[in-house]
Amino acid sequence: MFDVLLSGRLRGAAQLRTAANGSPFATFRLAAASKTGESLLCSCVTFSQTVIDAVKALGDGDSLAVSGEAAISTWRGQDGSARLGLDVTAFAVLTAYHVGRKRKPAAATAEGTGAHA
């Protein structure tokens, strides 16, 4: 396992589930683009209620970033070629809905830094 900060687009809707012990969790897929333009499909799971609530509010194609632990997965495609993927346990998420776009007024910024006009 290694720590990752991964950004991409949600593929499909998050699946909400309940573990055998009654704890809620969610699974979802994230497509992360590489430099070549190819996408790596990442399988994500989260047990954090904050992350569950965030991914429930998103739809297919929405941008998001996740932080967590990851492991590389391999399998054979239908054509027999080796395929790679990433399995991520997400601990935190950032979406466009978390980002504030409004800037502070210029006067408030100058007062906060001690600058004078």
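Student: Which strands do the buried residues of α1 pack against?
Tutor: This is a predicted model, in which local features need pLDDT of at least 70 and side-chain atom pairs count only at pLDDT 80 or more, while totals for chains, interfaces and linings use all residues. Residues are numbered from 1 along each chain as its sequence is written, and side-chain values use heavy atoms, with hydrogens and water left out. Helices (H or I, at least four residues) and strands (E, at least two) are DSSP runs numbered from the N terminus. With contact meaning heavy atoms within 4.5 Å, the buried residues of α1 pack against β1 (2-18), β2, β3, β4 and β5.

Student: Which residues of α1 are buried, and why do they lie on the same side of α1?
Tutor: Buried means under 20% relative accessible area, exposed over 50%, and partly exposed in between, with a 1.4 Å probe and protein chains only. In α1 the buried residues are Val 51, Ile 52, Ala 54 and Val 55. They lie on the same side of α1 because the arc they cover around the axis, taken from the directions from the helix axis to the C-beta atoms, is only 165 degrees.

Student: Is Ala 54 buried or exposed, and what separates its C-alpha atom from that of Val 93?
Tutor: Ala 54 belongs to helix α1, residues 49-56, and it counts as buried because its relative accessibility is 12%. Although Ala 54 and Val 93 are 39 residues apart along the chain, the separation of their C-alpha atoms is 7.3 Å.

Student: How many aromatic pairs does a search of the whole structure find, and what is the angle between the planes of Phe 25 and Phe 47?
Tutor: Rings of Phe, Tyr and Trp (its six-membered ring) pair if their centres lie within 6.5 Å, and planes under 30 degrees apart count as stacked, over 60 as edge-to-face and the rest as tilted. The search of the whole structure finds one aromatic pair. Phe 25 and Phe 47 form a tilted pair, with 5.6 Å centre to centre and an angle between the planes of 40 degrees.

Student: Where in the chain do Phe 25 and Phe 47 lie, and is Phe 47 buried or exposed?
Tutor: The pair links distant parts of the chain, 22 residues apart, with Phe 25 in strand β2 (residues 24-33) and Phe 47 in the loop between β3 and α1. Phe 25 counts as buried because its relative accessibility is 16%, whereas Phe 47, with a relative accessible area of 53%, is exposed.
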